[in-house]
Amino acid sequence: MEENKKSLDEAWREETIDFTYPEGFKEAAKVLTMFPEEDREAMLLAIAGSILFY
Amino acid sequence: MAEEKKKSVDVGVGIGSAEKIDESVERELYNERRQIFADTIALKPAKRVPTMSNFLTWKAFDAGYKLSEACYNWDVMEKVMRHHIETYQFDVNIDNGWRNPNGMMREYGWERHVIKDENESVEVKDSALMESVEEYDEYMQDEDKMLWEKFLPRRRSSCGADKPWTKGQLYEGTLEFLKYREYLGKMNSITQNEYQIPLLCGPVVSTPYENIYGSWRGIRLTGGDLRRYPDKVMELCEYQWEHNMKPVFEGAINGDTSMFLFDTKMPMLGHSILNKKQFAKFYWPWIKEQIDVLAEKHKTTFINSEADLIRFADFLDEIPAGVSMVILELDDIFEFRKRLPNMAVAGGMTNQMLQYGTVQECVDYAKKLVDELGPGYAMSQNKLGAYRNDGKSENVKAVNEFLKDYRP
């Protein structure tokens, strides 16, 4: 039971990111749970702009 | 959204995330280093000639690591930096180990800078992010949409990411992004507080044309755009300056940049394909605007010039003394100094000399640089040290030891 729950929890990891704006972008930003909810979209924009160059 | 992004996020990685200095630490050497740079920027005689490390991945080889060992592990990169600082004791480092965060990009799912341990090099996979001049308008209409829908997918694709991006990759990559920022803060703190080395410069603010040349259109397409669509290029330059670059510049000018030797950094590369007429139109106005404000506010900028710059000396004449230091790559530094005595200069020590010269030849050449260039000169290497053969350890060490005691 525990293992089933864990695999369900982890299933989101394999979901594909949608490169449409703003719908797909907003959905992707929800992944960034390490940031406060109100900062997630701004962080994703900043990160996306930054990682273009690394 | 763009305004919100600028307010809440600082991703000025590498140089923008400074830690405050620890006031309880003895700061004699730190203050000396700041003073000799201040005097040099002001073109005044300094207590001694400042030294500036322009070494990048050379540092990893020199510390006994493979590129892959250093660029995927921040603990190893910290050891690389400590080895470099303790062995050579440069007064400032252009790179604090932040240039190749490959571990972060591996988690995100693609790597633009590909480490090649077999030939000890970093291969850069490059491509134009804007595919047609029509996309200039698209960008100006909604740059966030452009970034998400076009720039990011194109970058992934050009780096060989052929599978869809997953939420797991975004999540894990962002955890590494946070580790990257943590490393930057830690290393900035270590250099200032443990080793009494000041940080080089505040935010990077160049010219909008550099974005077009270096990021969006690349060398070949930018050259065509300048000839066929000059008005469009100008329109995009003006947009980019007003919406994205000017706010960063004003932030640096009005904010606290006291922990840096220079308030801003101005990289220059795209000028290499411009003639004087194009430089006057597409490049110089934004340098002039910044320089005028910097001079008025008694601030300074560090100009990192790739390729040759002296072709544009007639423009650079207008830079007031005491505002800038330029590190030169391909220019003859002696000729540059003579032609443009208004700018402090750095560089001059060639990587060929450091690799193939004897200790005595390197020291003699360092003496010649100092004696002939006079006040307003900081010793550095003329090219970014990226390869194992960009300098022998004993030569780099001998030059720095000589300069500690040499008084011209």
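Q: How many salt bridges are counted between chain B and chain A?
A: In this predicted model, 42 residues of chain B are in contact with 34 residues of chain A. One of the salt bridges joins the side chains of B:E172 and A:R13, with an N to O distance of 2.7 Å. Between chain B and chain A, the count of salt bridges is three.

Q: Which elements of chain B give two or more residues to the side that touches chain A?
A: Residue pairs in polar contact between chain B and chain A, with both residues at pLDDT 80 or more, number 11. On the side of chain B that touches chain A, the elements giving two or more residues are α1 (2-8), α6 (102-108), α8 (143-158) and α9 (167-194).

Q: How many residues on the side of chain B that touches chain A are nonpolar?
A: Chain B and chain A bury about 3,700 Å² between them, and 74% of that area lies on carbon and sulfur atoms. The residues on the side of chain B that touches chain A include six polar and 12 charged ones, while the nonpolar residues number 24.

Q: Is B:T257 buried or exposed?
A: B:T257 is found in the loop between α12 (230-254) and β6 (260-262) of chain B. Because its relative accessible area is 7%, and the cut-off is under 20%, B:T257 counts as buried.

Q: With which side chain does the side chain of B:T257 make a polar contact?
A: Leaving aside neighbours within four places in sequence, B:T257 is in contact with B:A252, B:D263 and B:K299. The polar contact made by the side chain of B:T257, at 2.5 Å, is with the side chain of B:D263.

Notes
Residues numbered from 1 in each chain as written. Chains lettered and ligands numbered in written order. Predicted model: local features only at pLDDT ≥ 70, side-chain atom pairs only at ≥ 80, totals over all residues. Heavy atoms only, no water. Contact = heavy atoms within 4.5 Å. Buried area = accessible area lost by both parts, 1.4 Å probe. Salt bridge = Lys/Arg side-chain N within 4 Å of Asp/Glu carboxyl O. Polar contact = N/O pair within 3.5 Å; in protein donor to acceptor, adjacent residues only side chain to side chain. Helix = DSSP H or I, 4+ residues; strand = E, 2+ residues; numbered from the N terminus. Nonpolar A, V, L, I, M, F, W, Y, C, P; charged D, E, K, R; others polar. Buried < 20%, exposed > 50% of the residue type's maximum accessible area, 1.4 Å probe, protein only.
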